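The sequence and structure come before the details.

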Amino acid sequence: MHTYKRTSSPRSPTNTGEPFTPAHEENVRFIHDTWLCVLRDIKSPQNSERNDRGPQEYVEKNPNPNLHSFIPVDLSDLKKRNTQDSKKS
C-alpha cells in the first residue's frame, strides 16, 4: 500500500502533513468544482425562470427559533487548536 503526500493546490493547505492519495485529491477537486457550479447556477438570473430544472436553494419555511443564535464552528480552526494542544502536552 502506498501513501502519497497531498499535492499543493489553492484549495488544500500543505502544512497538515496528512497523506492523501491521488484519487482522494481528484474526488475533492470534483466535489469542489461541482459545488462552485451549483452556487453559480443558483445565483444566475436565469434560474428563477426554470424552476423545474437545475439546482434549487432550500429555505426553511418555519425556522426553528432555538437555532436563531446558532454560530457555525470553523472545523479547520478547531483542528489547528487541537493539534497545538496535543503538541503542548
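A residue is called buried when its relative accessible area is under 20%, exposed when it is over 50%, and partly exposed in between (1.4 Å probe, protein chains only).

## Basis

The model is predicted: local features need pLDDT of at least 70, side-chain atom pairs count only at pLDDT 80 or more, and totals for chains, interfaces and linings use all residues. Residues are numbered from 1 along each chain as its sequence is written, and side-chain values use heavy atoms, with hydrogens and water left out.

## Overall composition

The protein chain has two helices and zero strands; helices (H or I, at least four residues) and strands (E, at least two) are DSSP runs, numbered from the N terminus. Of its 89 residues, 7% count as buried. The chain exposes about 8,500 Å², with carbon and sulfur atoms supplying 55% of that area. Accessible areas come from the Shrake-Rupley method with a 1.4 Å probe, and for residues only the protein chains shown count as cover.

## Helix α2

Helix α2 has 14 residues and reaches 20 Å from its first C-alpha to its last, close to the 20 Å expected at 1.5 Å a residue. The expected span is 1.5 Å times one less than the number of residues. Asp74 caps the N-terminal end of α2, with a side-chain oxygen 3.1 Å from the backbone nitrogen of Ser76. A polar contact is a pair of N or O atoms within 3.5 Å; within protein, one must be able to donate a hydrogen and the other to accept it, and residues adjacent in sequence count only if both atoms are side-chain atoms.

## Salt bridges

There are three salt bridges, each a side-chain nitrogen of Lys or Arg within 4 Å of a carboxyl oxygen of Asp or Glu. Arg29 and Glu25 meet at 3.9 Å, N to O; they are four residues apart in helix α1 (residues 22-43), so about one helical turn separates them. Glu25 is buried at 8%, whereas Arg29 is partly exposed at 35%.

Arg40 and Asp41 form a salt bridge at 3.6 Å, N to O; Arg40 is exposed at 52% and Asp41 partly exposed at 22%.

## Nonpolar patch

Val73, Leu75 and Leu78 make a nonpolar surface patch of about 290 Å². Patches are made of residues with over 30% relative accessible area and no salt bridge; like charges are joined within 9 Å, and nonpolar side chains (Val, Leu, Ile, Met, Phe, Trp, Tyr) within 5 Å. Leu75 lies in α2 (residues 75-88) and is exposed at 61%.
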